[in-house]
Structures are given as structure tokens and as C-alpha cells.
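Dear colleague,

Please find below the structure that I am handing over to you. The notes that follow it set out what was found.

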Amino acid sequence: MNQNICIFTGARPNFIKVAPIIRAIDNTPDMDYQLVFAGRADDPTLEGTLFDDLQMPRPDVFLGVDCENLNELTGRVMSEFETYLDKHPVDTVIVVDDLASTMAAAIVTKKRGLRLAHLVAGTRSFDITMPKEINRLVIDGLSDLLFTAGLGSSSIATREGAEMHKIYMVGNILMDSLRQHHNRWLRPQCLDGIADGQYLVFTLNRKVLMDNRDNLLDMLEAVCAEAGDTPVIAPLRGRARQLVTTLQRESPTVTDALHVVDALSYLEFGYLTAHAKGIITDSGNVAEEATFNNVPCITLNSYTEHQETVKQGTNVLVGEDAQRLREALSELMGGHWKTATLPDRWDGRTAERIVRILQESR
């Protein structure tokens, strides 16, 4: 008898994490899946090449929810996902990460009495004022299967009362995609005339960083001052692109070394970060990829959900402090950076372990 899996996604980064699971399910008998996306089919963050780059199909179902208010989004996703479940036989729902839409799908799943699996479980900031922290607590508390990326996340789930038989340290699913596609990276046009290893990468997504305009300006000035003549490639979209471009235009100390470029495709961005001299980012995913590629990484946050990128990897946390950023960049540009090792189970076989557990734990 076939097991019917619903893979629920809420944002672009989720697809990078579920693509390996889809490949593993396709190679598994007696298991079917449908891929559901909370947003619209024309979501602007889903560039035209994304699914081809990841070698995966587009979602089977788009719920069409698109709103800024997180409480409204939660309610609408709950309603639309319940309608989806009314029409489709499902045994297990896999949800990814910690979005409001992820929490909404998790709540509906358990209200229907279905098995819930959480991919990248056990991550915590320990800051209850963050909406995502509340999402994580709710999703993990409801989940029947907690798929964690490392021992730290498994320990957190255990301390919070999750039963041991629910927790599975499967490894970092991002590494499955990196290993699958590293021979397919595409050198982006924005690197024309720039040698590999002779540029920095800057990314920006966190709302709290963009809301503090003066502090962001201090950070950009620090980046440009320490980079000197080294190009800083900043593939940005939306509000981040508009804000950084404005600050560069208004401030004489945010120099032409900062190259704001269009957001890149998955394969182009993979090349950009893998061949950089160093990376300045506020993205946990980018920091994980930097550790895999052994590229120095400075994270503009005071915590990371994946401590292994700091303890074993190339990642250093500087918070939202421009002076600490300047000091870390000085070390990076001077060639003084820590030696990294790959964390346990970053072997590209996470999806295989997940699908095997789904089979054996029915």
C-alpha cells in the first residue's frame, strides 16, 4: 500500500531543502508525494530557472496566499491547506523550517490527526520575542518526527521534552543539494573581469537590519573600508536592493567597490559563494554553505541556529555591530581565519535517511 506524502513549502529556500527528498522518494517504491507551496504561482522570488536548476518539478499545488501580516497569513494558510487536505489523501505531511506558513500547515495537519514531520527541527534562538522562535516551538511540539541537522538541535528537542523515539539526527539537507549540483555551478556575468577568490560577497535579508538605516550604513561603510580595492558583490532583491542602492548613492564612504547586482539564479549564486574570498551575510543557509565550501564567513547576527558552523566551520558571529564587523573583516582580508572541518553527517545522504525513516516508522 502506497504511503502518500505531502511536502509543504512556504518560501524559496525551502525548495533547496526538499529537492533531495523528492529525488529520494522518486527512487522509493510504494511512496508518492505532492509538493504544495503556500504562495502564488507567480511569486517574484521564484525565478524562472529555479526548478530546472534544482532538477525538480514545480509544485503540484499553489495555495495562493500572499500577505504581509503574519497573523493574517497564518489564518489564510490554515484555511487553504485544510481545503487541500479535504481533496487529497495524505498520510504524512513534511514541513520545512520555521515560517508562519509552516506553523499554519503543522497545526492543520495535527488537527486532522495526520502524521507530521519537521525538517530542520530543534533550531532555537532562545529569543521568544522573535516570531520565528514561536513558530519553531509550536511546530516541534506538534511533530511526530523531528528531523534534526546536528547533535545540538537533537539535544534542544530532548531538553524541551520531545520523546527520544521521535528525534532523528539525519544531517544537513542543504549539503545534499550542494553535493548534487557543485559540478553544475554557472559563473555569473557579474564576475566578468574579476578573478575567483578575489572578491567578497554581501547578502542582506533580515528585516531588523534594514529597519535600522543608520546602523546599516555604518556596516556598509565598514565593509567598503576594509575591502579596499577588493570588489564586494551584493546580489540583492526587493527592499534590500533599494535600500543599499540609496545608501550608496547618499554616502561618499560607501564606495564603488560595492557592486549591487540583480539576484542570481541558484546555480550562479552557488558559484559566487563557492569561489569567494569571504562572505558577509545575515543568512544561516549561506553560512552553512560557506562552511561546506571552506570559505570565511561573517554573519550579521548574534546567534545561529546551526552552532556547528561556528564551532567547527568557517562562520563568525558579529551581531549587528559595525565595529565587530570591521574587526572581523580586517582578519579576513589579512588572511587570518580559523581552520574549519565538516560537521557530522554533512555527507549528502540526509534525504536517503529521511525517506528510510518515513518507510520504517509507518
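I begin with A328, which is found in helix α14 (residues 322–333); helices here are DSSP runs of H or I with at least four residues, strands are runs of E with at least two, and both are numbered from the N terminus. With a relative accessible area of 9%, A328 is buried (buried means under 20% relative accessible area, exposed over 50% and partly exposed in between, with a 1.4 Å probe and protein chains only). Leaving aside neighbours within four places in sequence, A328 is in contact with I298, V318 and W337, where contact means heavy atoms within 4.5 Å. From A328 to T314 the distance is 12 Å, C-alpha to C-alpha, and the two are 14 residues apart in sequence.

Before going further, please note that this is a predicted model, in which local features need pLDDT of at least 70 and side-chain atom pairs count only at pLDDT 80 or more, while totals for chains, interfaces and linings use all residues. Residues are numbered from 1 along each chain as its sequence is written, and side-chain values use heavy atoms, with hydrogens and water left out.

Helix packing

Two packed helices are described by the angle between their axes and the distance between the axes. The axes are lines fitted to C-alpha atoms, for helices over the stretch in contact, and the angles run from 0 to 180 degrees between N-to-C directions.

Helix α14 packs with α9: their axes come within 9 Å and cross at roughly 20°. The two helices are therefore roughly parallel to each other (angles under 35 degrees count as roughly parallel, over 145 as roughly antiparallel, 65 to 115 as roughly perpendicular and the rest as oblique). The crossing of α9 and α14 is right-handed, a term used if the near helix is turned clockwise from the far one by less than a right angle, with anticlockwise being left-handed. On the α9 side the contact is made by D218, M219, E221, A222, V223, A225, E226 and A227, and on the α14 side by A322, L325, R326, L329, S330 and M333. By class, these residues divide into nine nonpolar, one polar and four charged; Ala, Val, Leu, Ile, Met, Phe, Trp, Tyr, Cys and Pro count as nonpolar, Asp, Glu, Lys and Arg as charged, and the others, Gly among them, as polar.

Helix α1 (residues 12–26) packs with helix α15 (residues 350–360) at an angle of about 55°, and their axes are 8 Å apart. The pair is therefore oblique, and α1 passes α15 in a right-handed crossing. Here P20, I21, A24 and I25 of α1 meet A351, E352, I354 and V355 of α15. This contact has seven nonpolar residues, no polar residues and one charged residue.

Helix α1 also packs with helix α7 (residues 173–181), at an angle of about 75° and with the axes 8 Å apart. That makes α1 roughly perpendicular to α7. I16, K17, P20, I21 and R23 of α1 make this contact with I173, L174, D176, S177, Q180 and H181 of α7. Its residues comprise five nonpolar, three polar and three charged.

Helix α10

Helix α10 (residues 238–250) has 13 residues and reaches 19 Å from its first C-alpha to its last, close to the 18 Å expected at 1.5 Å a residue; the expected span is 1.5 Å times one less than the number of residues. In α10, the residues A240, L243, V244, T246, L247 and Q248 are buried. They pack against α8 (207–211), α9 (213–227), β9 (232–236) and β10 (258–262).

Individual residues

N315 is placed in strand β13 (residues 315–317) and is buried, at 0% relative accessibility. Not counting residues up to four places away in sequence, N315 touches A287, T291, C297, I298, T299, T304, T309, V310 and K338.

The loop between β4 (92–96) and α4 (100–111) holds D97, and D98 has its place in the loop between β4 and α4 as well. D97 is buried at 13% relative accessibility, and D98 is buried at 9%. The C-alpha atoms of D98 and R136 are separated by 5.4 Å, although the residues are 38 apart along the chain. Beyond four places in sequence, D98 touches K132, N135, R136, I139 and E305.

Most residues other than glycine have a negative phi. D97, however, has a positive phi of about 65° although it is not a glycine. N294, also not a glycine, has a positive phi of about 60° and lies in the loop between α12 (284–293) and β12 (297–299).

Yours sincerely
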